[in-house]
Amino acid sequence: TDLIALVRHALQPDGELAPYPEQVRRRYAAWLAAQEAAGKQFTAEQRWWLDKIAEQIGLNLEMKPEDFDTVGDFYDKGGRYGAAEALGDDWRALLAEMNKELVA
């Protein structure tokens, strides 16, 4: 994923060169702040899922629904069923939003 950061820096040399996972962490922090500003509050359990999703996006450029059933920490917490239980029925829309916002 750091190759992405290098290519972006080559195309836009005025931008900051930072490891891709760090860029995703900053976008995630901004996304969380926007969610809270809009009145959305997350429980500790939901934050665990959101934090891990953001981490996965930073490492792999995206997170797909099927990844919940194959990636260790997600699998250990119930996979897609665990995500649906913790994040609610709209967990797929939330995942799509995070993919869009954090990869940008």
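Predicted model: local features only at pLDDT ≥ 70, side-chain atom pairs only at ≥ 80, totals over all residues.
Helices here are DSSP runs of H or I with at least four residues, strands are DSSP runs of E with at least two, and both are numbered from the N terminus. Residues are numbered from 1 along each chain as its sequence is written, and side-chain values use heavy atoms, with hydrogens and water left out.

Let us begin with the whole protein. It has six helices and zero strands, and along the sequence the pattern reads α-α-α-α-α-α. Of its 104 residues, 33% count as buried; buried means under 20% relative accessible area, exposed means over 50%, and partly exposed lies in between, with a 1.4 Å probe and protein chains only. The accessible surface comes to about 6,300 Å², and 53% of this surface belongs to carbon and sulfur atoms. Such areas come from the Shrake-Rupley method with a 1.4 Å probe, and for residues only the protein chains shown count as cover. A contact means heavy atoms within 4.5 Å. Among contacts between residues at least 6 apart in sequence, 52% join residues at least 24 apart.

Now step inside. A nonpolar core is a set of buried Ala, Val, Leu, Ile, Met, Phe, Trp, Tyr and Cys residues joined through side-chain atoms within 4.5 Å. Which residues touch the most other members of the largest nonpolar core? Of its 22 residues, they are Y28, W31, L50, I53, F68, M98 and L102. Helices α2 (20-37), α3 (44-60), α5 (79-87) and α6 (91-103) each supply at least two residues of this core.

After α5 comes G88, whose phi is positive, near 95°.

How do α5 and α6 sit together? Their axes come within 9 Å and cross at roughly 95°. Axes are lines fitted to C-alpha atoms, for helices over the stretch in contact, and angles run from 0 to 180 degrees between N-to-C directions. The two helices are therefore roughly perpendicular to each other, a term for angles of 65 to 115 degrees; under 35 counts as roughly parallel, over 145 as roughly antiparallel and the rest as oblique. Where they meet, R80, A83, A84 and L87 in α5 face W91, R92 and L94 in α6.

Staying with α6, L95 is found in this helix and is buried, with a relative accessible area of 3%. Beyond four places in sequence, L95 is in contact with I53, M63, K64, P65 and F68. L95 and E62 are 33 residues apart in sequence and 9.4 Å apart in space, C-alpha to C-alpha. N99 is also buried, at 16% relative accessible area, and touches I57, E62 and M63, not counting residues up to four places away.

Two more stops remain. In helix α3 lies Q56, buried at 11% relative accessibility. With neighbours within four places set aside, Q56 is in contact with L61, E62, M63, D67, V71 and F74. L61 lies in the loop between α3 and α4 and has a positive phi of about 75° although it is not a glycine. L61 is partly exposed, with a relative accessible area of 33%. Finally, L32 in helix α2 counts as buried at 7% relative accessibility, and beyond four places in sequence L32 is in contact with F42, R47 and L50.
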